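Let's take a walk through this structure together. Have a look at it first, and then we'll go stop by stop.

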Amino acid sequence: MSKIVLLVADGMADRPLKELNGCTPLDIAETPNMDDAAREGSCGIMWTIGPGIPPGSDVANLSLLGYDALRIYRGRGPFEALGAGLDVKPGDVAFRCNFSTVDERGTVLDRRAGRISTEDARKLAQEIEKIRLDEFPDVEVIFKHTTEHRAVLLLRGPELSSAVSDTDPKAIGVLVKPCKALKPEAEKTASVVNAFCQKAREILESHPVNEERKSKGLLPANAIIVRGAGQLPSAPSIREKFGLDGCCVAANALIRGVCRFAGLDLIDVPGATGTVKTDVMAKAKACVENLRKYDFVFLHVKGTDNASHDGDREAKIDMIERIDAAVGYIMNYADDVCLAITADHATPLKVREHTGDPVPVAMWGDLVPQDDVKRYSERECAKGMLGSLFGKDVMRLLLNFSGRAKKVGA
Ligand code: ZN
Ligand code: ZN
């Protein structure tokens with residue numbers, strides 16, 4: 001039986017660009033290793049969720065891990081919270097939060113508080129973490145700062161619901177929204193969120209860090225806005241579903257949260273940042289090393305998506321080439337491995353957002369049959385023998401090509 005590596009380059013797939021003579025970044029980038037994998041193995045095209053459905057990275061990666069993502073998904077918040085290292089229990093309601101800047105009327109001036117430093121935000125968070133709501137003695141409020149302006153909020157207690165609206169208006173120059181119940185059973189949760197945000201406002205307004213920021217001409221982080229309310233679905237782990245002991249090499253908090261949900265151990269890799277500056281080779285080395293201990297490594301690289309959202313063509317191509325070098329390392333140094341190379345969705349440079357385009361998939365390993373595809377790209381992989389796949393098919397195929405699939409029927 002082979003070990004399994006699923007390499008996901010976030011948002012790597014793209015559309016043909018006029019400036020590149022009708023080529024995509026994957027066509028243009030020098031990718032000898034991914035091309036070898038495509039030529040020696042089997043290729044296909046994949047709809048992570050379904051044709052034309054642009055997925056968020058949480059839903060997309062859940063699907064790649066074999067989950068029926070549309071059915072189980074109940075909001076992004078709990079995955080962010082898991083990724084931030086919090087324990088999320090059944091019934092907890094979790095949110096993503098921003099430290100932001102508002103004026104005295106509550107109009108949003110900056111959703112990220114002038115891109116507040118992690119250091120300043122951490123000091124502010126120490127006070128927010130102490131918030132207890134006297135009006136709701138049965139609700140535990142857990143707040144955790146992550147990076148820069150980002151944080152997560154977790155509410156724990158009886159009769160909570162994730163059917164509440166965002167307070168984040170996702171725009172500047174407009175008022176922070178009150179949190180509203182979207183179903184009658186969510187009234188209590190909405191009130192808790194509003195009480196929390198009010199209290200946070202009072203604490204932050206007079207906090208010395210904000211006084212200092214104002215004196216330096218920086219925007220104060222005087223409000224917390226929340227979005228993405230969710231509750232953790234209950235679903236079997238990767239071990240229960242596929243009999244695999246797995247780990248995850250990823251730096252992005254959301255992806256780490258999805259992987260924790262799937263029961264994968266998180267591997268910390270020095271130099272892995274979840275940005276275009278990440279050390280992809282260090283991640284490949286960690287992957288190969290952990291294949292000694294685990295059956296399955298989920299290896300995720302975020303930088304391709306960041307470059308795509310920024311519309312930065314050069315950075316995207318550079319990132320793809322560094323991912324290719326990492327693929328080469330895995331192909332050379334992993335013993336008996338079945339490797340899949342794919343993207344969780346397309347993030348075309350021209351669109352700067354996720355789209356519902358198909359993405360390329362290549363599978364490579366001793367048991368993987370060879371098809372006629374010669375290069376790894378959107379256009380070429382579409383000609384491969386795996387045909388058109390859904391995201392949730394990928395793990396099944398990897399089990400098959402690693403000699404681990406169980407027969408159905410007699
Ligand atoms: Zn993504
Ligand atoms: Zn994205």
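This is a predicted model: local features need pLDDT of at least 70, side-chain atom pairs count only at pLDDT 80 or more; totals for chains, interfaces and linings use all residues.

Which residues do the meeting? On the α2 side you'll find P32, N33, M34, D36 and A37, and across from them in α13 sit I320, D324, A325, V327, G328 and M331. Sorted by class, this contact has seven nonpolar residues, two polar ones and two charged ones.

Now move on to another helix pair. Helix α6 (residues 118–128) packs with helix α7 (residues 187–205) at an angle of about 125 degrees, with the axes 10 Å apart. That makes α6 and α7 oblique to each other as well, and the crossing of α6 past α7 is right-handed. Here L124, E127 and I128 from α6 meet F196, A200, I203 and L204 from α7. By class, that contact of α6 with α7 comes to six nonpolar residues, one charged residue and no polar ones.

Is Q231 buried or exposed? Its relative accessibility is 11%, and the cut-off for buried is under 20%, so Q231 counts as buried. Leaving aside residues up to four places away in sequence, Q231 touches R74, P78, G91, D92, V93, L160, S161 and S162. With one of these, S162, there is also a polar contact, side chain to side chain, at 3.4 Å.

Last, a look at the backbone. Most residues other than glycine have a negative phi. N21 isn't a glycine, yet its phi is positive, about 55 degrees. You'll find N21 in the loop between β1 (3–9) and α1 (25–28), and with a relative accessible area of 72%, N21 is exposed. R115 is another non-glycine residue with a positive phi, this one about 50 degrees. Look for R115 in the loop between β4 (108–110) and α6.

Key. Residues are numbered from 1 along each chain as its sequence is written. Chains are lettered from A and ligands numbered from 1 in the order in which they are written. Side-chain values use heavy atoms; hydrogens and water are left out. Buried means under 20% relative accessible area, exposed over 50%, partly exposed in between (1.4 Å probe, protein chains only). A polar contact is a pair of N or O atoms within 3.5 Å; within protein, one must be able to donate a hydrogen and the other to accept it, and residues adjacent in sequence count only if both atoms are side-chain atoms. Contact means heavy atoms within 4.5 Å. Axes are lines fitted to C-alpha atoms, for helices over the stretch in contact, and angles run from 0 to 180 degrees between N-to-C directions. Helices (H or I, at least four residues) and strands (E, at least two) are DSSP runs, numbered from the N terminus. Angles under 35 degrees count as roughly parallel, over 145 as roughly antiparallel, 65 to 115 as roughly perpendicular and the rest as oblique. A crossing is left-handed if the near helix is turned anticlockwise from the far one by less than a right angle, and right-handed if clockwise. Ala, Val, Leu, Ile, Met, Phe, Trp, Tyr, Cys and Pro count as nonpolar, Asp, Glu, Lys and Arg as charged, and the others, Gly among them, as polar.
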